[in-house]
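Please keep the sequence and the model in view while reading.

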Amino acid sequence: MIISALKWVGNKNGFLEVVDQRRLPAELAKLHCREVKDLYDAIKTLAVRGAPAIGVAGAYGLVLGMQKSAGGIQEGISALEKYSGYLGSSRPTAVNLSWAMERIKQRAKRFVTENSDAKPEELHQIIFDEANAIYREDVQMCEKIGRNGQGFIKDQAGILTHCNAGALATAGQGTALSVLFEAHKNKKRFKVYADETRPLLQGARLTAWELQRAGIDVTVICDSMAGWLMKQGKINAVITGADRIAANGDTANKIGTYSLSILARENKIPFYIAAPSSTFDMNIKSGSQIPIEQRPHNELSFWGSKRIVPEGVDIYNPAFDVTEAENITAIITELGVIENPDTEKIETHLQNLN
Ligand code: MRU
């Protein structure tokens with residue numbers, strides 16, 4: 001059964017329950033976020049992670065914020081600004097987080113403009129309804145991405161994926177892994193290689209866990225092995241998710257994705273990105289404008305509680321990199337497929353959004 005990474009419990013005064021992904025695969029534990037600060041910490045420490053999932057979480061974060069907002073409507077609107085700024089600062093690369101919170105704020109402002117005598121309780125309900133809509137739409141987008149992309153998975157193929165773009169990373173069944181789930185549902189037989197994804201091991205801990213639960217043949221490899229497997233003919237396609245896609249198709253995803261795209265091109269292997277329309281940032285022309293999150297040094301210098309880098313040695317730990325559009329064979333969205341993406345094709349593709 002596909003796991004639910006996050007779910008709201010109760011009415012607008014309820015709380016957000018998330019799977020604590022830091023504890024997988026050893027333990028399937030849930031975390032209850034009742035305060036905005038709880039959610040900020042959960043996002044920052046990757047208890048909840050993956051671009052679409054943190055977008056949905058951010059939307060519910062504003063519902064939590066409204067629970068604490070005392071006073072009138074204007075105080076409510078100010079609280080939305082304050083909490084969206086705070087939550088948005090937790091992880092800068094995935095655009096879905098700011099996209100979802102911006103959508104909530106726009107909805108709130110529209111409501112207030114149209115209802116001059118609105119009560120704070122009503123504003124809170126409107127925000128809760130919008131967060132629920134974002135959640136439901138994400139579930140649907142994931143399914144559509146899977147259906148739109150499953151044709152790229154050929155029978156008997158070897159598929160390489162990086163990081164985790166599965167159900168754990170979304171409200172639904174994932175993006176890149178949704179394509180694999182749909183192909184599996186269609187009785188295709190294929191083998192997945194999951195990069196372990198240093199330093200936080202989302203591939204080894206999360207992708208392998210999800211695929212094994214789904215009964216899909218999965219093998220974990222070190223990140224540094226990918227090129228050699230390609231050379232040996234074991235990989236027929238690479239598919240990953242995305243954290244932000246610039247207007248020209250340049251795509252930020254987990255560190256290591258860029259290297260895979262170069263290896264794929266060198267070995268003449270198709271390289272696919274699967275992502276919802278909420279991951280496109282049409283305000284930036286190219287990938288050079290995507291902010292790259294820098295993570296704490298101890299993620300590299302320690303293996304659990306054991307130091308593995310000598311004290312005093314410098315560490316560099318960017319969490320994401322950018323793959324140029326020219327290295328991407330196709331981007332799969334809920335709206336269809338953009339082959340050899342460029343600005344014009346992406347603009348046309350997104351015009352189909354209602
Ligand atoms: O640091 P993470 O684990 O949040 O990074 C996640 C990724 O890079 C995913 O590939 C991306 O967010 C897409 S998830 C559908």
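A disulfide is defined here as a pair of cysteine sulfur atoms within 2.5 Å. By this rule the structure has zero disulfides. The model is a predicted one, in which local features need pLDDT of at least 70 and side-chain atom pairs count only at pLDDT 80 or more, whereas totals for chains, interfaces and linings use all residues. Residues are numbered from 1 along each chain as its sequence is written, and side-chain values use heavy atoms, with hydrogens and water left out.

Cys-33 is buried at 1%, while Cys-222 is partly exposed at 29%.

The ligand is considered next. A ligand oxygen atom lies 2.5 Å from an N or O atom in the side chain of Arg-49. A ligand oxygen is also found 2.9 Å from a polar backbone atom of Ala-51, and one is 2.8 Å from an N or O atom in the side chain of Lys-254. Taken alone the ligand exposes 410 Å², of which the protein buries 99%; these accessible areas come from the Shrake-Rupley method with a 1.4 Å probe, and for residues only the protein chains shown count as cover.

Secondary structure is assigned from DSSP runs, with helices (H or I) of at least four residues and strands (E) of at least two, numbered from the N terminus. Strand β8 covers residues 244-246 and includes Arg-244, which is buried at 9% relative accessibility. The side chain of Arg-244 makes a polar contact with the side chain of Asp-281 at 2.7 Å and reaches the backbone oxygen of Pro-92 at 3.0 Å. Contact in general means heavy atoms within 4.5 Å. Leaving aside residues up to four places away in sequence, Arg-244 touches a set of residues including Thr-93, Val-95, Asp-250, Thr-279 and Ile-290.

Side chains of opposite charge can pair when their charged atoms come close. A salt bridge is counted when a side-chain nitrogen of Lys or Arg is within 4 Å of a carboxyl oxygen of Asp or Glu, and the count comes to 24. One of these joins Asp-155 and Arg-189, with N to O at 2.7 Å. This pair links distant parts of the chain, 34 residues apart: Asp-155 is in the loop between α5 (120-149) and β4 (158-161), and Arg-189 is in the loop between α6 (176-185) and β5 (191-195). Asp-155 is partly exposed at 37%, whereas Arg-189 is exposed at 52%.

A further salt bridge connects Arg-265 and Glu-326 at 3.9 Å, N to O. Here the partners are 61 residues apart, with Arg-265 in helix α9 (residues 257-266) and Glu-326 in the loop between β14 (320-323) and β15 (330-333). Arg-265 is partly exposed at 47%, and Glu-326 is exposed at 66%. Arg-295 and Glu-299 also form a salt bridge, their closest N and O atoms being 2.8 Å apart, and both residues are buried. Salt bridges that share partners join Asp-20, Arg-22, Arg-23 and Glu-27 into one network.

Helix α6 is largely enclosed by the rest of the structure, because eight of its 10 residues are buried; among them are Leu-177, Val-179, Phe-181 and Glu-182. Just after α6, Lys-187 takes a positive phi of about 70 degrees. In strand β15, Ile-331 is buried at 0% relative accessibility. Its contacts, again not counting residues up to four places away in sequence, include Ile-245, Ile-273, Phe-280 and Val-337.

Conventions. Buried < 20%, exposed > 50% of the residue type's maximum accessible area, 1.4 Å probe, protein only. Polar contact = N/O pair within 3.5 Å; in protein donor to acceptor, adjacent residues only side chain to side chain.
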